[in-house]
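Hi,

Here's the structure I said I'd pass along.

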Amino acid sequence: TQSTRPQRLLHAVQKNATRGDPRSVVKAIDNFCRQKEWAMNVGDEKGCILDSVVSEVNPVTVLELGTYCGYSTVRIASLLPPRAKIITLEFNPDYAKIARQVIAWAGLEDKIQVVEGPSGEWIPKMKEQFGVKTFDLVFLDHWKDRYLPDTKLLEDCGLLRKGTILLADNVICPGTPDYLEYVRNSPRYKSQYFKSHLEYTKAEDGLEKSVFLG
Ligand SMILES: CNc1ncnc2c1ncn2[C@@H]1O[C@H](/C=C/CNC(=O)c2cc(-c3ccc(F)cc3)cc(O)c2O)[C@H](F)[C@H]1O
Ligand SMILES: [Mg+2]
């Protein structure tokens, strides 16, 4: 039977990365996507912007929407302080399975909780199920038409606090127009665009960093 792209990406990690070395896992995925097969990871260029935001925020509790193969999950978790945690939501069981193995190869299991299921169901359960009070950082990288509804859901569930940072991938390509309009015009957010390129290509894309003002 034919392998899937996520399976081939995982094999590239197991072949080329050092167990327990998150940065080598990130490097192996970027090399695979540049040299062999494009995949929708945030990538190395936007990844550097992600790294700088994570390092600046120094978050204790992180939420990621859309794990896919775990590239950004590993990238973020490798920068977290000791007791910090990232909860990442993924509703495709095949992707979740691959992501767990990529995360295990990086040796970051105890910093990362992969939760299988739709964000719409799990966000309202964050407090009771995972003892989350509020998130310090939210990385949005799932279906682009779900960024806005899930942001409103996070607000309604009281999971954002004064100063929570929302960092959104793909605000240009594929684009998240309704989300951008909201965070750039709402008095409850201070928003900033970081221009970059679509992963592994020359096309324009960028990250939008929005601070929740409470
Ligand atoms: C809706 N709630 C969800 N809950 C849990 N997991 C979810 C949910 N929704 C999706 N997932 C999960 O999150 C992932 C979805 C990622 C979607 N990402 C993209 O489409 C995306 C697309 C491009 C792209 C750009 C140009 C081009 F020519 C082709 C593609 C670039 C990017 O960086 C992207 O991130 C996963 F697949 C899905 O199961
Ligand atoms: Mg993306």
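This is a predicted model: local features need pLDDT of at least 70, side-chain atom pairs count only at pLDDT 80 or more; totals for chains, interfaces and linings use all residues.

The protein has 10 helices and seven strands. Its radius of gyration is 16 Å, close to the 17 Å from the globule rule for 214 residues, so it is as compact as a globular protein of that length. Along the principal axes, the C-alpha atoms fill a box of roughly 50 × 40 × 35 Å, and 54% of the 214 residues count as buried. Taking contacts between residues at least 6 apart in sequence, 72% join residues at least 24 apart.

Now the charges. There are 29 positive and 28 negative ones, with mean positions 4 Å apart, and the salt bridge count comes to 16.

- Arginine 8 and glutamate 37 have their closest N and O atoms 2.5 Å apart. Arginine 8 sits in helix α1 and glutamate 37 in the loop between α2 and α3, 29 residues apart. Arginine 8 is partly exposed at 27% relative accessibility, while glutamate 37 is buried at 16%.
- Aspartate 205 bridges to lysine 46 at 2.7 Å, joining strand β7 to helix α3 across 159 residues.
- Arginine 100 meets glutamate 116 at 3.1 Å, N to O. Arginine 100 lies in helix α5 and glutamate 116 in strand β3, so the pair ties together parts 16 residues apart in sequence.

Cheers

Methods. Residues are numbered from 1 along each chain as its sequence is written. Chains are lettered from A and ligands numbered from 1 in the order in which they are written. Side-chain values use heavy atoms; hydrogens and water are left out. Helices (H or I, at least four residues) and strands (E, at least two) are DSSP runs, numbered from the N terminus. The radius of gyration is taken over C-alpha atoms; the globule rule is 2.2 Å times the number of residues to the power 0.38. Buried means under 20% relative accessible area, exposed over 50%, partly exposed in between (1.4 Å probe, protein chains only). Contact means heavy atoms within 4.5 Å. Lys and Arg count as positive and Asp and Glu as negative; His and the chain ends are not counted. The place of a charge is taken as NZ of Lys, CZ of Arg, CG of Asp or CD of Glu. A salt bridge is a side-chain nitrogen of Lys or Arg within 4 Å of a carboxyl oxygen of Asp or Glu.
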